[in-house]
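Thanks for coming. I will go through one structure today, starting with the whole chain and then moving to single residues.

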Amino acid sequence: PGASAAEDGVDPDAVRIVGSLGPLGCQWRVRRRHPCGDIGPAAGDGGVQRGALVVGRNPSAADPSQWLKLRKAKARGAKIVVIDPARTQIASLADLWLRPRPGTDAAIGLAMANVLIAENRYDREFVERWCHGFDAFKTRVAPYTPAHAAELTGVAADDILRAAHMY
């Protein structure tokens, strides 16, 4: 892999889009039901209900209260997907651990978004009401199929597709 996402063939604008999602995908959608499952800090006991996507973060060391919430959610049956080249405690807890080449995790996020859009696994009403620039985002993720992301990241296309379906 190259020294930067651009050198690895990942669009830098796309990195900014995916990077803005934060450490837990959809965490900003507090108290809303959405196609990603009921993910967010308002769920249940203040933790995750149906699932979590943890990208490049080790909550057991960085955020013990979040780590506790994730462990409780897992015990209740929530699915956890981790995208991180390093084996962390959360990776060991995950239902699916994707180990991309360093600096290429954005390609997985874009491929997951591609799958969710292509398979209509998103809340159209929510997007129409609250999201600005969705058509541009849709165009941006279109080239990032799971197969293309697999080439860039070293993660199997089937695992990327599975992550999208779990998300």
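The accessible surface of the protein comes to about 8,600 Å², and 51% of that belongs to carbon and sulfur atoms. Keep in mind throughout that this is a predicted model. There are 167 residues, of which 43% count as buried.

How far can the prediction be trusted along the chain? The mean pLDDT of the protein is 79, with 71% of the residues at 70 or more. Over residues 1–8 the pLDDT is below 50, and the model gives this stretch 12 contacts beyond near neighbours in sequence. The pLDDT also stays under 50 over residues 10–45, where the model has 76 contacts beyond four places in sequence. Among the elements, helix α1, residues 12–19, has the lowest mean pLDDT, at 42. The highest belongs to helix α8, residues 146–153, at 98.

Now the layout. The secondary structure comes to nine helices and three strands. Along the sequence the pattern reads α-β-α-α-β-α-β-α-α-α-α-α. As for contacts between residues at least 6 apart in sequence, 60% of them join residues at least 24 apart.

Next, the charged pairs. As a general point, side chains of opposite charge can pair when their charged atoms come close.

In one of them, the side chains of D63 and R57 meet at 3.3 Å, N to O. D63 is partly exposed, with a relative accessible area of 23%. R57 is partly exposed as well, at 22%.

Another salt bridge joins the side chains of K74 and D95, at 2.6 Å, N to O. K74 lies in helix α3, residues 64–75, while D95 is in the loop between α4 and β3, so this pair ties together parts that are 21 residues apart in sequence. K74 has a relative accessible area of 24% and is partly exposed. D95 counts as partly exposed too, at 25%.

The remaining pair is R121 and E119, whose side chains meet at 2.8 Å, N to O. R121 has 37% relative accessibility, which counts as partly exposed. E119 is partly exposed at 36%.

Where is N120 placed? N120 sits in the loop between α5, residues 105–118, and α6, residues 124–130. Phi of N120 is near 50°, a positive value in a residue other than glycine. N120 is partly exposed, with a relative accessible area of 45%.

Now for a charged residue without a partner. D84 is in the loop between β2, residues 79–83, and α4, residues 89–93. Which side chain of opposite charge is nearest to D84? That is R99, and R99 is 8.3 Å away. A salt bridge here requires a nitrogen-to-oxygen distance within 4 Å. D84 is buried and has no salt bridge. Not counting residues up to four places away in sequence, D84 touches G56, R57, W97, L98, R99 and P100. Of those, R57 has already come up as the salt-bridge partner of D63.

Last, helix α9. Which residues of α9 are buried? They are I160, A163 and A164. Seen down the axis of α9, these buried residues fall within an arc of 100°, so they line one face of the helix. They pack against β2, β3 (residues 96–98), α5 and α8. As I said, α8 is the element with the highest mean pLDDT.

One more residue of α9 deserves a look, and that is D159. Helix α9 covers residues 157–166, and D159 is found in it. D159 is partly exposed, with a relative accessible area of 29%. Leaving aside neighbours within four places in sequence, D159 is in contact with L96 and L98. L98 is also among the residues that D84 touches. The C-alpha atoms of D159 and W97 are 8.9 Å from each other, although the two residues are 62 apart along the chain. W97, too, is in the list of residues touched by D84.

The stretches to read with caution are residues 1–8, where the pLDDT is below 50, and residues 10–45, where it stays under 50. That is it from me.

Terms used. Residues numbered from 1 in each chain as written. Predicted model: local features only at pLDDT ≥ 70, side-chain atom pairs only at ≥ 80, totals over all residues. Heavy atoms only, no water. Helix = DSSP H or I, 4+ residues; strand = E, 2+ residues; numbered from the N terminus. Buried < 20%, exposed > 50% of the residue type's maximum accessible area, 1.4 Å probe, protein only. Contact = heavy atoms within 4.5 Å. pLDDT = per-residue confidence, 0-100. Areas by Shrake-Rupley, 256 points an atom, 1.4 Å probe, with all protein chains shown as cover. Lys, Arg positive; Asp, Glu negative; His and termini not counted. Arc of directions from axis to C-beta.
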